Amino acid sequence: MAMRLRVFKNIIKQGFQGMWRNRGMGIASVSSISAVLLILGVVLILILTINNIVLETKTKFDEIQIYLEDGLSNADYDRIENRIRDMEGVLSLVFISKEQGLEIMKEGWEEEAYLLEGLEENPLQDSYIIQLLDIKYAEEIVSNLRNIEGIEDVKYYQDVIDKLMLVANYIRFGGIVIIGALMLVSIFIISNTIKVTVTARRREINIMKYVGATNGYIRGPFIIEGILFGLIGAAVSILIIKFGYEYFFKSVNDKLYLLFTVYLVPPTLLIKDIAIIFTAIGVGIGALGSLVSLKRFLNV
Amino acid sequence: MIEFQNVDKEYDNNVRALVNINLKIHKGEFVFLVGSSGAGKSTLIKLLLKEEEPTAGRIILNNMDITKVKNRRIPYIRRNIGVVFQDFRLLPNKTVYENVAFAMEIIGAHPKEIRRKVPMVLSMVDLSRKASSFPDQLSGGERQRVSIARAIVNSPPVLIADEPTGNLDPDTAWEIMKVLSDINGRGTTVLMATHAKDIVNSMKKRVVEIHEGRLIRDEQKGGYGNEITSF
Ligand SMILES: Nc1ncnc2c1ncn2[C@@H]1O[C@H](COP(=O)(O)OP(=O)(O)OP(=O)(O)O)[C@@H](O)[C@H]1O
Ligand SMILES: [Mg+2]
């Protein structure tokens, strides 16, 4: 047991040495892994955001939301309300003032809610949410609503959902293709980097074989080296994504594109998952890269 | 200890390097392997080290048929065999001490054991004073002694040497022979391939001669051989 532990310690030490000696080429490996992961991160965020939009929209599937113009009189409110109640297929009608709207938004944002505190004026509009008896009434009700004076916008989501799903699928597919190709590229770059160490240590490897070193002992340090490159690459990209996305999220909020921000995944939720995924992929690429480069070298 | 049973070796290019070799070497023996260049001496050694696989036949080492051993187990076979080559094969960026200690590190020896054993073998090959020198600061004979120290530091029962004196002048060659003879005297079986006629003739050890892949002579207290089969 103690013997295995010493052998293991030795392998790790050599792995670190290899990485240090090879640091020039290592930068290429680290950058390529970082690049792959960054693109992966952007695609992931895109997909998550679209999923969010679809999800949000879906819950409103049998709802129609209407937004009212500013500055309507009480009579206008009554008129609009009555017109809607008279329509066939309307189950219920709920009024949401713009103040209530803001409260709801704050709850949904959890930790990022403080961003909404600094608003000088409420950018939202008063609205009604209309629950339908059945979706089959939707089309007709929507077209009738558009004719009522004082209603600025009618949101009904079926076609939006369909389009979003389509876009999401394209992004998913395109993302997978790009990421797959880039992963191959970085495995290739890593394997070349490791090959440099292997070649530099060829004599040593040969002697190690004659003295009875196991394949694991010989391979170990190179795999560790690859994994270290992978880990550094992952760390770099995690940091870039973290600060980049936090900055993006904040500046989108500052500029009050509120309708869009609702759908953005808050950074705190996102970064943890991204960190786990990136670390796993970084380590995977690193280990695979060194295994590829070792395959041909160690067959005696 | 070592036994070849009907061993054939044909390389991929159809060269028949060994033909029906039968050979038995007992524990503690000192055996010279002679034969002209290309006779198949190195091939025989490579089969023992499992660097090459025989085309036919069985090779027994320590009561184990090593031709049946899985690739994964090869390192453990090699730990029973110390090897010395004509070109020393030392690591240039490591000192004499480190070159020898290296062989113990890779099999996970205890650091205490390493600190005890390395000076011991270095003194056996008379290199205690050079422990902290680098290989390029040593003479050929000294380098070969380092490689012998490395080969025996893990106390393998067998030591194999492929032309260990091939790069050395006659006096230095004799130094090496004295070291190998000492090691043999401590019980290690030694198999040495060589072209060194004088050495073989004066040491009066068992001589096995290979000619064009066939074993043509196996003689106790033999000589290097006649001028027809040697060159
Ligand atoms: N890897 C190989 N592939 C093909 N043929 C080989 C290989 N190694 C050796 N041979 C051939 O096998 C034969 C025996 O070679 P070997 O190296 O065993 O001879 P040797 O007795 O050691 O010679 P020397 O005294 O010159 O070292 C030679 O004809 C050689 O060309
Ligand atoms: Mg030879």
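**Strands and an interface**

Modeller: Let us start with one pair: Gln65(A) stands opposite Ile129(A) in strand β3 of chain A. Before we go on, this is a predicted model, in which local features need pLDDT of at least 70 and side-chain atom pairs count only at pLDDT 80 or more, while totals for chains, interfaces and linings use all residues. Residues are numbered from 1 along each chain as its sequence is written, chains are lettered from A in the order in which they are written, and side-chain values use heavy atoms, without hydrogens and water.

Colleague: What makes β1(A) and β3(A) a pair?

Modeller: Two strands (DSSP runs of E, at least two residues) pair if DSSP finds at least two bridges between them. Strand β1 (residues 63-68) of chain A has five bridges to β3(A), in the antiparallel sense, so the two strands meet that definition. Strand β2 (residues 90-96) of chain A also pairs with β3(A), antiparallel, over six bridges; there, Val94(A) has Ile129(A) as its bridge partner.

Colleague: Why is strand β8 of chain B called largely enclosed?

Modeller: Buried means under 20% relative accessible area, with exposed over 50% and partly exposed in between (1.4 Å probe, protein chains only). Five of the five residues of β8(B), residues 189-193, are buried, so the rest of the structure largely encloses this strand. Thr189(B), Leu191(B) and Ala193(B) point one way, Val190(B) and Met192(B) the other, and all are buried. In a regular strand, side chains alternate between the two faces of the sheet.

Colleague: Which strand runs parallel to β8(B) over five bridges?

Modeller: That is strand β7 (residues 158-162) of chain B, where Asp162(B) stands opposite Ala193(B).

Colleague: How do you know that chain A and chain B touch, and how much area do they bury?

Modeller: Contact means heavy atoms within 4.5 Å, and 17 residues of chain A are in contact with 25 residues of chain B. Buried area is the accessible area (1.4 Å probe) that two parts lose on being put together, summed over both. For these chains that comes to about 1900 Å², 62% of it on carbon and sulfur atoms. Ile207(A), Tyr210(A) and Val211(A) supply 36% of the area that chain A buries against chain B, more than any other three residues.

Colleague: How many salt bridges cross the interface?

Modeller: A salt bridge needs a side-chain nitrogen of Lys or Arg within 4 Å of a carboxyl oxygen of Asp or Glu; by that rule there are zero between chain A and chain B.

Key: Helices (H or I, at least four residues) and strands (E, at least two) are DSSP runs, numbered from the N terminus.
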